[in-house]
Amino acid sequence: MTTAVETKIRRLIEAAGPLPVSDYMALCLFDPDGGYYATSEPFGHAGDFVTAPEISQMFGEILGAWLVHAWRELGRPAPFVLAEMGPGRGTLMRDMLRTARLDGDFLAAARVHLVETSDRLAAIQRATLADAPVECAWCGDLDALPGGPLFFVANELFDAVPVRQFVRTVEGWCERRVGIGDDGALCFIAGPPLGDAALLPPGAENQPEGAVFEYAPAREAIAAQLGDRLARFGGAALLIDYGHLRSGFADTLQAVRAHEYVSVFKAPGSADLTSHVDFEALAKAATAAGAVVHPAMTQGDFLLALGLAERAGALGRGKDLSEQEAIRAAAERLAGTGKDAMGDLFKVLCLTGKPLALPPFA
């Protein structure tokens, strides 16, 4: 069955030629009439994928405690903006605010904002945060946040921001596009040779035919916007996503439906499309905008250094064996390195407005 998004994609290709991968990804995810985030319930065990806040409250609790500590280290500014971008179902913000109750001054000074472009998801977030200890506000982009010091979290935001792809061919590096093959199916094709070699990282000339490089200007723009904001007003940001610490060459575009990988061309609009985040590129963009960038680390190292094991032990104290095992399994998934674990694949990047010794980055 042809989806509404696929029909639109085919019409665009027939009218103007093959689409850049970034345009294809944007239509599949964000088209208002049939895009994935406009029509699907992606989060949780009943959805297509599970994010760290949905695995365990411990994730949000640790981030909440980190934010309170960062706020204290920055001199307890009041008021300040506490913002999450791409907040899913609101679970992470709920858990962070519950933990922040340990410091009433932090909550009293916080002006909580959730940056969300989907009206449907914003409604779910409002229900999740109906009993939050402070009033929450919603906006559609970073520019709409009020001025002042910013404490910012984004978990699994950047992987869904559209990415461009370039492929090495016999004619050189070309932008990868989505077209219609001889069999009538959607497929990848190579566009004309790339004119601006400055987009490519060092070593591009040595890559074999078929090598792929991913470039995400929209992601870098968000990082630069955050960096500029932190440099001007102060604050701190945590960017958490799956990806790589160094820029390189790989095709990481993938589609997930019902916790299984599927073809990126199967029923466009019905699956989540993502690619791995280039943390080196994000760091360079934020640095160029004036922020201080702390060396990125794995999510496992970050959570364990901040007491995940101890928190799991405290949470399981007094519980029966099955509950203790569930807590242990959740901690292992968040910080471990086995199959389906997030510990190594996910990275954590910290940005601040000025040099600051914040654990575990210090």
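1. A salt bridge is a side-chain nitrogen of Lys or Arg within 4 Å of a carboxyl oxygen of Asp or Glu. The model is predicted, so local features need pLDDT of at least 70 and side-chain atom pairs pLDDT 80 or more, while totals for chains, interfaces and linings use all residues. Residues are numbered from 1 along each chain as its sequence is written, and side-chain values use heavy atoms, without hydrogens and water.

2. The structure holds 16 salt bridges. One of them joins D31 and K8, at 2.6 Å from N to O. D31 lies in the loop between α2 (21–30) and α3 (36–39), and K8 in helix α1 (residues 4–16), 23 residues apart. D31 is buried at 6% relative accessibility, whereas K8 is partly exposed at 29% (buried is under 20% relative accessible area, exposed over 50%, partly exposed in between; 1.4 Å probe, protein chains only).

3. Helix α6 (residues 91–100) has 8 of its 10 residues buried, so the rest of the structure largely encloses it. Helices are DSSP runs of H or I, at least four residues, numbered from the N terminus. Among the buried residues of α6 are L92, M96 and L97.

4. R98 in helix α6 and E61 in helix α5 (residues 57–73) are 37 residues apart; their salt bridge has its closest N and O atoms 3.1 Å apart. R98 is partly exposed at 32% relative accessibility, and E61 is buried at 8%.

5. R94 pairs with D95 in a salt bridge, with 3.3 Å between the closest N and O atoms. D95 is buried at 1% relative accessibility; R94 is partly exposed at 37%. A network of salt bridges links E61, R94, D95, R98 and R311.

Conventions: Helices (H or I, at least four residues) and strands (E, at least two) are DSSP runs, numbered from the N terminus.
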